[in-house]
Amino acid sequence: MSTRKPVFGVGVSTAVGEARETLRLAVEADRAGLDLFTVSDHPYFGGRLDAYTIVGVALGRTTDIAGLVSVTNLPSRPAPMLARTVTSLSALSGGRIVLGMGAGGLWDDIARLGAPRRTPGAAIRALEEAITLVRALSGGGEPVTFDGEFYQVTALEPAPVPAAPVWTGSVGPKSLAVTGRLADGWIPGHAADWLSERYRTSRPVIDEAATAAGRDPRGIATVYNLPGVISPTPLAATRDDEGRWIGGSVEQWVEELTGAVLEHDASGFVLFPVREPLTDVALGTWANEIVPAVREAVAAR
């Protein structure tokens, strides 16, 4: 079992029509003592707010909570500029930023932005270069010259700001191996959890790549996007016929998440509404009942 304390967060809407509510919920999550708020990154949809703009404004209105774009649409955000964005947000917020990174997925939509359409192999190589370059352009030091397949910079001064933690949304074996070699955390795709086949087959790939790179696999966090209802009374079954978590009462959530940390080395959970936006009731129950109880149960062990 890892000795790290699990982190708890919420996913908030990126819809233009929900802009005020999104910022209000981020502030409420901060006041309630949550660790993280997350937003998705789909800049090709006109009805969505820019993810990093949301994060910047929300960090400016909060004091303790961190922001995460889960995950950054890398083909639309060149790595050198992404490095400047993230180090700037870190400097302005006192380090309250986690860098979520993805190789790209909706390529027809990405191409409509004018970004290059990459093959799966090229997208993964670009992801690896981007993580390397963003880190090189953080933490001060000598000017950076980088001559990669996808990114080239010449004598570029790094920002005097420590590199943000990097969490990926890797799915395929090659992308998972990049996570093992370079990343600090992993968010399993398609809201897969610790009992899923996706986790069972993917996490060993990360661990093997980390070991081969001379890294301790236990240092790579697994943080789950976790959809599910919080019901007023216990559910007869908290998982569906395919074994996917569907939710339950406060007590059922606490039991499930505590077991995930203690028995499956889960590092964190983001309550991630899928059918409707996050509500005050769900946020309050999550932040004021479920999260404190899980923290207390984990600390007691």
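This is a predicted model: local features need pLDDT of at least 70, side-chain atom pairs count only at pLDDT 80 or more; totals for chains, interfaces and linings use all residues.

How many nonpolar, polar and charged residues are there in the lining of the largest pocket? I get 24 nonpolar, 19 polar and four charged. My classes: Ala, Val, Leu, Ile, Met, Phe, Trp, Tyr, Cys and Pro are nonpolar, Asp, Glu, Lys and Arg charged, and the others, Gly among them, polar.

Residues are numbered from 1 along each chain as its sequence is written, and side-chain values use heavy atoms, with hydrogens and water left out.

**Pockets.** I looked up the volume of the largest pocket and got about 1,200 Å³. Of its 47 lining residues, S40, H42, S70, V71 and H190 are the closest to the centre. (A pocket is an open set of points on a 1 Å grid over the protein atoms alone, where a 1.4 Å probe fits, with protein on both sides within 12 Å along at least five of seven lines; lining residues have an atom within 4 Å of a point. Points are joined across faces, edges and corners, and the volume is the space filled by probe spheres set on them.) Helix 5 (120-136) gives the largest share of that lining, four residues. Helices are DSSP runs of H or I, at least four residues, and strands are runs of E, at least two, numbered from the N terminus.

The second largest pocket holds about 430 Å³. Its lining has 18 residues, with G228, V229, I230, P273 and V274 the closest to the centre. Strand 11 and helix 9 (280-300) are the elements giving two or more residues.

**Backbone.** I found a cis peptide bond from S70 to V71, omega near -5°. V71 sits in the loop between strand 3 (66-69) and strand 4 (72-73). H190 is not a glycine, yet has a positive phi of about 60°. I have H190 as exposed, because its relative accessibility is 58% (exposed is over 50%, buried under 20%, partly exposed in between, 1.4 Å probe, protein chains only).

**R239.** This one is in the loop between strand 11 (229-230) and strand 12 (247-248). R239 counts as buried because its relative accessibility is 16%. Its side chain makes a polar contact with the side chain of E256 at 2.7 Å (N or O atoms within 3.5 Å, one able to donate a hydrogen and the other to accept it; residues adjacent in sequence count only if both atoms are side-chain atoms).
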